[in-house]
Structures are given as C-alpha cells and as structure tokens.
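Please consider the sequence and the three-dimensional model shown below.

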Amino acid sequence: MLNEKNVFGSPLPRIDGPLKVTGTAPYAAEYHDPGMLFGHAFYATVASGRIASIDTSKAEAYPGVVKVYTHKNRPALASSDDAWKDEVALPGHPFRPLENDRILYDGQPIALVIAETFEAARDAADLIRVDYAADAPHTDIEVEQAKSYVPPEPRKEDFLPTDPRGDAEAAYDAAPFKIDAEYVQEGEHHNPMELFGTSVIRSEDGTLTVYDKTQGSQNSHDLVCGVFGLKPEQVRVVNAYVGGAFGSGLRPKHQLIFAVMASLDLKRSVRVEMSRREMFYLTWRPATVQRMQVAADADGRLMSVRHHAVQATSLYEDYQENVVNWSGLTYKCDNVRLSYELAKTTMSTPGDMRAPGAATGFLALESAIDELAYEVGMDPLELRGKNFVTYDQNDDLQLTSKALDLCYREGAERFGWDKRSHEPGSMRDGQDLVGWGVATGVWEATLSPAEAKVRLFPDGKITVSAAASDIGTGTYTILAQIAAQNLGQTIDRVSVLIGDSSLPKTAVEGGSWTAASSGSAVQAGCLEIKKTLLSLAQKMDNSPLKGAAVEDLAIRDNRLVLDRNDQLGLAIADILGSNEMSSVEGHGKVEPDQEQAKKYISYTHSAVFVEVRIDAELGVPRVTRVVSAIAAGKIINPKTARSQILGGVVMGLGMALHEEGMIDHRTGRIMNHNLAEYHVPAHADIHDIDVIFVEEEDDKASPIGVKGLGEIGIVGVGAAVANAIFHATGTRHRHFPITIDKIMEGLPGQ
Amino acid sequence: MRPFSYTRAETLGDAMAALAANPTARLLAGGTNLIDLMKYDVERPAAIVDINRLPLKEIEELPDGSIRIGALVSNATVAHHPAVTERYPLLCSAILAGASPQLRNAATTGGNLLQRTRCYYFYDPSTPCNKREPGSGCGAIGGVNRIHAILGASEHCIATHPSDMCVALAALAAIVEVEGPDGRRDIPFSDFHRLPDDHPERDNTMRHGEIITAVRLEGNHFAGHHSYLKLRDRLSYAFALVSVAAALDVKNGMIVDMRIALGGVAHKPWRDSLAEAEFAGQPATEETFAALADRLLAGAEGQGDNDFKIPMARKAIVRALKQAAAGTPQVQSDKQIR
C-alpha cells in the first residue's frame with residue numbers, strides 16, 4: 001500500500017498563498033502586452049425584442065476608438081450550434097454574442113467597443129444609441145410557472161426525476177400527519193471577486209495565448225477553436241489563477257469570444273474585462289418554486305414524499321438542475337413521486353452555482369421535513385434519524401459509504417442539541433428569541449476523467465502537471481501533497497503546474513470532483529513512476545529489489561526501498577544514472593469505473609446546526625452559531641477543506657437571508673446590479689462557524705478515498721436557518737431570502 | 001464615464017471661481033460617491049475641482065462650547081475626535097453606523113451632506129428618473145422600491161437620502177456654513193436638504209457656486225440620553241432601511257427636551273419639531289414613545305415593496321427612545337441590537 005503517514009491529512013497552508021496575498025499571482029485581466037487594445041461591451045437595456053437601429057457613429061469617432069462591433073459588422077463566426085457548444089453546454093441554442101438583432105435578456109451584450117485604452121472604450125460605449133422594438137418581458141417565476149413544461153431534452157440522464165415508487169398520493173391521503181407547502185426562492189447572481197476577463201496575447205506568427213477567467217482552460221480552448229475555426233496548436237488558454245468562480249466559470253463567457261474575435265480581426269493583442277454590473281447578466285442560480293407534500297405516521301416514519309419544482313430558464317436554452325431527486329434518496333420512504341419542470345423567462349440562461357440543484361432542493365425538502373416533525377410533535381433531528389436509509393432508494397444502488405449518522409451525532413454533541421426545547425419561542429433569552437434548527441445535506445461524490453503527468457528528478461524534486469484549475473479551493477496544494485506523499489518527499493520539493501490547456505487533459509473544475517479526479521490521476525502517475533523505477537532497478541546488477549512487487553515499495557530519502565525493510569533499496573539517482581536518464585515520468589489517468597457504477601453510488605453528507613437570535617420586537621436576525629458536520633471520505637488537507645466548508649456555510653447564510661436579484665417585472669430588468677444593493681453577508685453577519693469532519697473510510701468513491709468538498713458546505717444551510725427562525729418565532733418562512741421585514745412581520749404578537 | 005477637466009483649488013476663492021465658470025463643475029473631496037456616479041455615467045461633470053487642499057480640515061472647539069467641523073474633516077476623524085465624542089456622542093454613533101472604515105477614512109463632512117440617493121433607478125441611466133433627468137419620470141413608483149421613502153415623497157420622486165451622519169446632525173440641529181459669490185451664510189440643518197416636490201433634481205438648498213465650509217454644533221449636546229439605531233438588510237455595510245437618531249433630556253422621568261430624526265424614510269433626514277414640542281413635558285415611557293411614533297408616522301405612505309418600513313419605523317422609534325431614556329445608546333461596534 002502507499003505510504004500515508006505524514007503529508008496526507010496535514011493542515012498545510014496553501015502553496016499559492018504568498019503569491020495571492022502579495023498580489024503577484026496574475027489573474028486573466030492582468031496580462032499585458034505592448035500595443036494591447038481594450039474592449040468594453042455595450043449591453044441591451046430592454047429584456048426582450050429586437051434592435052430597431054443602433055448608432056455607433058459617435059463611439060467610432062471618439063478619440064482612441066479602433067472599432068465598434070455590432071451584429072451588423074462582426075466578423076463571420078461559426079454558424080452551427082455544435083461549434084458553440086462547450087464541454088458543459090445545455091440543450092438549446094448556445095448564446096452567440098452579436099449573432100443578430102434579437103434581444104433575449106436584459107443586459108445582453110449588443111456591441112463591443114475596441115480602443116487603445118480601457119477608458120476610451122468605456123467612455124465611447126456610453127455614446128452608443130439604440131432604438132429597440134421591445135417585446136413584453138417575462139421575468140416573474142411565480143407568474144411564468146403557469147406555462148411550465150417538462151424539458152424535452154434532459155441536460156443529463158441523472159437529472160431526470162427518478163421513476164415514481166409506491167403510491168405517493170394514496171399514502172399521503174392515508175397518513176395521519178402531513179405537510180403541503182410551497183417554497184419560493186428568488187434568483188441569485190454570481191459575484192466572485194474576480195470579474196470575467198480575457199487577455200489575448202498575439203504572437204508574431206499569429207498564434208494566441210489566451211488568459212481567460214474560466215474553470216476549464218481546455219473547455220475555453222476547444223470552444224475558441226470551434227467558433228473561430230482555429231487549429232488546436234494555434235491557441236493556448238491559461239487560467240493559472242482564478243479569483244473565485246463557484247460554477248460561474250464552467251461555461252466560457254462572451255468576453256472570451258469578444259477578445260479573440262477582435263484580436264483575430266485587428267491582428268493585435270486584446271483584453272476584454274467585464275464590469276461588476278455585467279456579472280448580474282450572466283450565469284445565475286434560477287428563481288424556483290417548489291411544492292412539497294410529505295407525510296408521516298405517528299412514529300415519524302415517512303409515508304409519502306412528493307416534490308415538484310419549477311425553475312426559470314432562458315428563451316434559448318433549457319438549463320436544468322437536479323433539484324428533486326434528493327427527496328427520493330435522503331430518507332427511507334417507499335412512496336415517492338418527483339417531478340421537475342422549467343418556465344421560460346426573458347433572462348440570461350441560468351447556470352451552476354455552488355451545489356446547483358441540491359442547494360435549492362434541500363431548501364424545500366429540509367424545510368418540509370422540519371415542518372413535518374412539528375406536525376408529528378417530534379424533535380426534528382430524531383425524525384431525521386428515524387428515517388435513516390443505508391442505500392440509494394432512487395436507483396436501488398449501494399452507497400460507497402455514508403457516515404451521516406456520525407454527522408448527526410457529532411454535530412448535535414458539539415452544538416449541544418440535547419439542551420433544545422421543542423416548542424417554538426421557548427428559548428427566549430432576554431430580548432432575543434433564540435432558535436435552533438437543523439438540516440441534512442447531500443451532494444454527489446463523482447469522479448470525472450482526468451490525467452496528470454508527474455516527473456521525479458534524482459534530487460527528489462517533483463513536477464506535477466495537468467490542465468486542472470484551482471479556482472481558489474486549494475488544488476495546487478493538495479496535488480502537491482498527493483505527489484509528495486506518494487513519492488516520499490516533502491511538499492516543498494513539488495512544483496505544480498496547472499491551469500493551462502496544453503497540459504494533460506482534465507475536465508472542467510466543478511461538481512466537487514477535482515480533488516478526487518486530478519488527485520487520483522496524480523497518484524496514478526506516481527505509481528507509474530514507481531513501476532518504471534522498479535523495472536529499471538530490477539535490471540541492475542545485484543539489485544536488492546529483485547523479486548519485489550511495486551506494492552512492497554516506498555521512496556525514502558530519495559531511495560526506492562522495500563517498505564518493510566528500508567535498508568534494502570537503491571538510490572533513485574543511481575537507478576536513473578545507470579539507465580542514462582535525468583528524470584522519470586509517470587502519466588496518470590483515471591476515469592469512472594463503469595462496472596462499479598452498476599452496484600454503487602457515492603455521496604457526501606452533512607448535518608448543519610444553526611442558532612439564530614432574533615430581536616423580539618425588531619426582527620433583526622443574527623446567526624450566532626453554526627456547526628457543520630461533514631462526511632466526505634478522506635480529508636487530504638484539513639485547512640483548505642475547512643475553508644471550503646466555511647465558505648459554503650457563509651454562502652448558505654446569504655442564500656437564506658440576503659441574496660436576491662430584484663427585478664422590475666414591468667421592464668424585466670434587474671435593478672440592484674451592484675454590491676451595495678445586492679447583499680451578501682458582511683463580516684458582521686458571520687459569527688461562530690464550527691466545522692467537523694467525521695471519520696469516513698471509502699475505498700470506492702475514488703482511488704484516493706476522497707469525495708470532494710466544494711459544494712456540500714452550502715447544502716442544507718438555508719433550510720437550517722429557516723428552521724431556526726421558525727423555532728425562534730413560530731413563523732414558517734417559505735419565501736427566500738428571509739429578509740428582516742419578513743422576519744419582523746412574522747414575530748409573535750404581530 | 002465622460003472626459004472632464006481637472007483643476008486643483010488652492011484657496012476657497014479659486015474653488016468658487018472654478019465653480020462659477022462652469023455650471024456642470026463638481027467639487028471633489030473624498031470622491032466616495034461622486035466617482036462611483038461618474039463611472040455609472042450618472043454624474044457627467046465637464047469639470048472637476050479638487051478642493052482637498054483647502055484649509056477646511058480643522059475641528060475647532062469654540063469658546064461658547066460649540067464645535068465647528070471643517071468641511072474636509074473625514075468622517076472617521078469626526079467619529080473619533082475626543083471633543084465630539086464627549087459632547088456629541090450621537091453624531092459619532094451615527095457615523096460609525098455607516099459605510100466601512102475605508103470609506104469613513106476617505107469621506108468628508110461636507111461630502112456626506114451632499115451624497116446622492118441610492119435609488120436603483122437614479123443609478124441606472126437607462127431608466128427614467130426625475131432626479132437624474134428632470135421630466136423623464138420616476139421608475140421607482142410602481143417599480144422596485146424596497147429602499148424608498150414613506151414620508152414627504154412626491155409624485156415625481158420617492159428617493160431617500162442615504163446618510164447616517166446627517167440624521168444625527170438633523171437631530172442635533174446643526175448649522176451648515178456655506179460660502180459663495182454672495183458671501184457667507186448659515187443654513188439650519190432642517191433647511192439644508194429639501195423634499196422632492198416638483199424639483200427632485202435639487203437635493204438641497206445650496207446655490208450653484210456655494211461651498212460648504214463647516215458644520216457647526218451648538219447648544220444641547222444630549223450627551224446623556226441619546227441613541228442611533230439603524231435597521232438594514234444585513235448587520236453592517238448596508239444603507240438604512242430605517243434609522244433613528246433619538247436625543248432626550250429627561251428630568252425626574254419627564255421629557256424636558258427631545259429631538260428625533262429618521263433616516264431611510266424620506267428625501268431628507270426627517271424631523272418634526274412640532275411633534276417634538278408637543279411631547280415635551282410628558283413622561284419618558286414606552287407609551288409616550290409609541291404615541292410619538294404614531295404622530296411622526298401619521299402621514300406615512302408605502303409604495304408597495306417598502307410598506308414594511310412604516311411598522312418598522314414605528315418599532316425603531318420606540319426602541320431608540322427607550323435606549324436613549326435608559327442611557328444605554330445603541331453600540332455600533334458589534335452591531336448587536338440592544
């Protein structure tokens with residue numbers, strides 16, 4: 001077995017940390033080139049319709065402006081939808097900037113100004129005048145849901161609602177305790193710190209190095225090649241550092257197309273960066289209406305679960321999430337019916353935002369389960385425990401592991417759940433109404449195809465390379481840890497090269513799969529190295545490793561040795577030297593095990609406990625304590641792992657209490673398109689957050705035993721907050737975010 | 001953002017001359033609001049007159065016990081100044097309830113008075129807004145108006161003034177000193193900002209060419225019984241949905257003198273001195289405060305999204321007055337409502 005004594009499991013600080021805190025880690029819009037041009041987009045100010053006329057003459061005449069592109073004069077771009085479909089494209093017609101005169105959503109880019117300076121481009125864009133033939137907007141999910149439909153083409157087979165089982169309706173009717181409730185969630189808008197930006201550096205031979213803010217350099221690379229008809233070797237895409245993405249960078253954005261288009265057309269280097277405002281017109285977590293019908297017997301056993309969700313999508317694509325299937329697998333229940341529909345809106349296509357589907361689905365499921373516990377008159381945690389299930393009932397598959405019971409137990413203990421009194425409003429402390437809420441979270445633990453190259457040098461230096469992206473999660477660090485661990489080195493001996501389309505193939509960074517996938521590929525690469533070294537060593541005269549198997553080996557002090565007796569071995573320098581080699585490389589490759597998938601499925605789990613304190617008259621909420629207990633297999637780096645969960649919890653608090661795109665439904669326009677009026681939690685909103693990783697052995701989720709952590713931290717948080725607010729005030733809030741006015745109106749005595 | 005000329009004024013006379021020379025000229029002090037608005041293409045000054053070198057950076061303690069705060073003194077400096085902290089703690093509390101340390105370091109006293117509304121429609125030049133473009137209409141009426149006015153609005157504008165500091169200055173009946181082509185004048189704080197009426201494009205009663213030189217605080221300090229309570233969509237770094245500056249003089253449980261100003265509810269810090277006078281002499285009890293709240297909000301009208309502000313303001317008024325009466329002002333450091 002591979003030695004796992006020291007580097008695995010150490011809370012090492014991230015190796016890219018010094019670069020980031022000193023401002024020396026370059027981001028996509030920070031690459032310069034003499035003579036570079038700058039682009040600024042001009043965007044539509046109606047939500048639907050056509051461009052009747054567009055006057056760019058004043059912008060064109062503005063000093064410093066090189067060219068203004070519109071649908072009328074843009075260069076020819078690929079004409080087939082296929083060319084525009086990126087690695088994670090959706091059913092429908094991908095958005096093509098400047099395709100024609102059609103307006104599909106508020107904030108759609110309809111012109112691009114290219115100028116010698118950023119300022120000139122921005123100033124000139126203000127001079128563009130447009131007459132619209134506007135159509136009526138459709139942006140209110142609560143209205144548009146009347147025209148909902150089952151998406152004709154599923155985004156993924158896994159996202160299709162699972163087949164009904166039992167008779168959910170009859171069981172519901174027969175059950176003594178039941179809840180039938182609707183939950184509404186307003187749209188949320190991605191706002192990572194780094195804005196979307198692309199710098200295209202053009203070489204003299206016309207090849208392009210594209211620095212793009214993306215979660216997948218190869219995805220951007222392949223899209224650019226397809227749209228512009230370029231050969232793969234004519235373009236290299238780099239995303240060495242990414243200032244947060246959370247799913248927003250899974251699909252390439254229009255600024256990439258703009259920057260490459262202008263660079264090819266004008267034969268110059270070009271940068272296009274978005275403004276904060278433009279972030280509100282991109283990938284967003286769709287507004288959703290969910291109906292939950294759940295029922296239990298007097299012992300709190302679930303008799304029936306029905307979950308129906310309607311989500312907003314755009315006119316041109318059918319974005320879909322797995323919102324409802326969680327309701328068929330989180331708890332034991334034999335009568336289940338799940339359904340999922342979309343409603344067209346005149347908004348940009350929604351997209352994945354941290355735990356897409358689960359964050360939304362669990363908001364409703366875990367609120368409804370809490371409501372049901374109160375109907376039955378049972379402690380909400382106890383009711384969850386009663387319905388614990390050890391397999392995936394949706395697909396009748398075994399789970400590779402499920403330490404959710406430990407999450408419940410250790411989380412409750414840390415939180416002090418046993419001191420909770422059940423009645424709403426019963427834990428008042430002076431002026432504060434105190435409420436304790438709990439929720440379960442689940443996210444899929446998947447492996448995506450990944451490759452990595454590992455190279456070991458005689459002095460023990462290691463390089464690791466892959467096209468993987470580190471979107472701020474700590475990928476650099478854990479890949480270094482995995483290589484160091486497997487090759488018997490310390491982490492400072494490892495150089496990690498990622499975020500470059502020319503490196504070994506890796507899927508986009510998302511879905512919490514990167515640690516498991518790229519990590520396993522690095523481990524496989526290390527194993528290749530050991531195998532190569534062993535076969536080389538065994539060819540040497542008087543080799544002490546003759547007859548040894550690779551499983552018996554370890555690397556210590558730059559020697560390939562027998563793990564059980566490290567006196568027996570050879571210096572790596574000698575093995576390489578005698579074969580006239582200066583280094584040895586291993587090419588690791590992993591992909592999902594299709595055979596295993598017929599029997600097993602893998603999930604991460606969480607139990608999140610929340611304390612809110614609410615001023616009894618004013619309704620001001622404070623989330624004073626959160627305990628998030630996580631079961632996610634092996635934890636490679638407890639420090640970066642904890643950061644992922646902390647960030648997920650904070651984002652979940654924003655989802656519960658703050659974040660909402662405010663749309664003027666008369667015009668279909670987002671009005672709070674800035675960070676002053678689109679509220680995310682501020683430091684003052686965040687108090688104690690305690691993260692627990694429970695023990696969970698898993699030898700099937702991934703070769704390295706890792707399940708992934710990027711999403712699970714947010715799942716369940718919103719419902720736990722809503723449940724705590726109910727416990728504090730006795731009012732159930734089903735419209736998210738639960739802003740201060742809603743809490744105030746729901747206070748006792750109102 | 002449009003191109004503009006930039007000049008740096010060395011003297012007040014320079015600045016006044018530069019303003020007089022160009023009707024669209026704007027003064028640049030902290031720049032925390034103006035620059036944002038220029039980037040959003042809301043403000044389009046042809047000329048920027050940087051006044052940061054003017055000698056308006058002193059806090060003077062005058063012989064009669066009053067305090068004169070130079071127009072260029074930063075919000076942070078005011079909030080932490082020993083004399084202001086001692087005599088006018090209500091002002092310090094209001095300043096610290098607003099913005100962030102970084103913004104308070106840059107923002108100035110005069111600039112705070114002149115900050116523009118945060119109305120979504122004002123901020124978006126592609127929408128109608130009578131304040132930004134007179135005669136174009138009001139997008140907020142019938143639109144998204146969670147943050148809008150419940151008092152003193154007009155059919156032309158329902159915007160609110162976003163300042164916290166000004167709410168305390170209104171309660172403390174500060175004097176605004178301005179200087180212009182026609183000489184110096186004092187403007188009582190309650191006359192400084194205006195209601196929108198038919199001219200929402202005018203936030204205040206200053207004339208073009210005038211410059212704020214100082215804000216003067218005199219008379220009752222209300223240092224013993226005061227509170228600044230701010231309710232907002234998150235615990236920090238958000239504009240007030242409703243805020244209350246409450247100041248009381250209490251003797252033997254009776255109200256001797258009182259001031260109350262509301263933020264986040266009107267086009268200007270909302271103060272009703274007639275109501276204040278009516279309640280002088282009454283017992284400093286919750287019942288009195290509730291009656292006063294009803295009196296202050298008698299004419300309040302919601303716009304839809306912001307209907308909640310009326311009950312919220314009522315509760316906030318009562319709580320702030322209770323805090324003030326008890327001598328336990330709202331603490332701004334930990335954001336815990338007390």
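**From a strand pair to a buried helix**

In this predicted model, V464(A) has V496(A) as its bridge partner in strand 22 of chain A. In general, the strands of a sheet pair through backbone hydrogen bonds, either parallel or antiparallel.

These strands are part of an open sheet of 4 strands in chain A, arranged in the order 22-21-20-26 with mixed pairing. Strand 22 (494-497) and strand 26 (584-590) of chain A are the edge strands, each pairing on one side only. From one strand to the next, the twist averages 15°.

Helices pack on this sheet. Helix 13 (residues 475-486) of chain A touches strand 20 (450-456), strand 21 and strand 22 of chain A, and its direction makes about 135° with that of strand 22 of chain A. Helix 14 (residues 514-538) of chain A touches strand 20, strand 21 and strand 26 of chain A, and its direction makes about 140° with that of strand 26 of chain A.

Attention now turns to the contact between the chains. Chain A contributes 28 residues and chain B contributes 25 residues. On the side of chain A that touches chain B, helix 4 (118-125) and helix 19 (740-745) of chain A are the elements that give two or more residues. Helix 19 of chain A gives the most, with 4 residues. By class, this side of chain A has 10 nonpolar, 6 polar and 12 charged residues.

Chain B itself contains 12 helices and 12 strands. Its radius of gyration is 19 Å, close to the 20 Å that the globule rule gives for 338 residues, so chain B is as compact as a globular protein of that length. Of these 338 residues, 51% count as buried.

Which residues of helix 5 of chain B are buried? They are P89(B), L90(B), L91(B), C92(B), S93(B), A94(B), I95(B) and L96(B). Because 8 of the 8 residues of helix 5 (residues 89-96) of chain B are buried, the helix is largely enclosed by the rest of the structure. Its buried residues pack against several elements of chain B, including helix 3 (75-80), helix 8 (165-171) and strand 10 (240-251).

Leaving aside its neighbours within four places in sequence, L91(B) is in contact with V78(B), V84(B), M165(B), A168(B), L169(B) and L172(B). L91(B) is also among the residues with the most contacts inside the largest nonpolar core, which has 352 residues.

Note on methods:
Residues are numbered from 1 along each chain as its sequence is written. Chains are lettered from A and ligands numbered from 1 in the order in which they are written. This is a predicted model: local features need pLDDT of at least 70, side-chain atom pairs count only at pLDDT 80 or more; totals for chains, interfaces and linings use all residues. The radius of gyration is taken over C-alpha atoms; the globule rule is 2.2 Å times the number of residues to the power 0.38. A residue is buried if 20 or more other C-beta atoms lie within 10 Å of its own, exposed if 12 or fewer, and partly exposed in between; C-beta atoms are placed from the backbone. Two residues are in contact if their C-beta atoms, placed from the backbone, lie within 7 Å. A nonpolar core is a set of buried Ala, Val, Leu, Ile, Met, Phe, Trp, Tyr and Cys residues joined through C-beta atoms within 7 Å. Ala, Val, Leu, Ile, Met, Phe, Trp, Tyr, Cys and Pro count as nonpolar, Asp, Glu, Lys and Arg as charged, and the others, Gly among them, as polar. Two strands pair if DSSP finds at least two bridges between them. Axes are lines fitted to C-alpha atoms, for helices over the stretch in contact, and angles run from 0 to 180 degrees between N-to-C directions.
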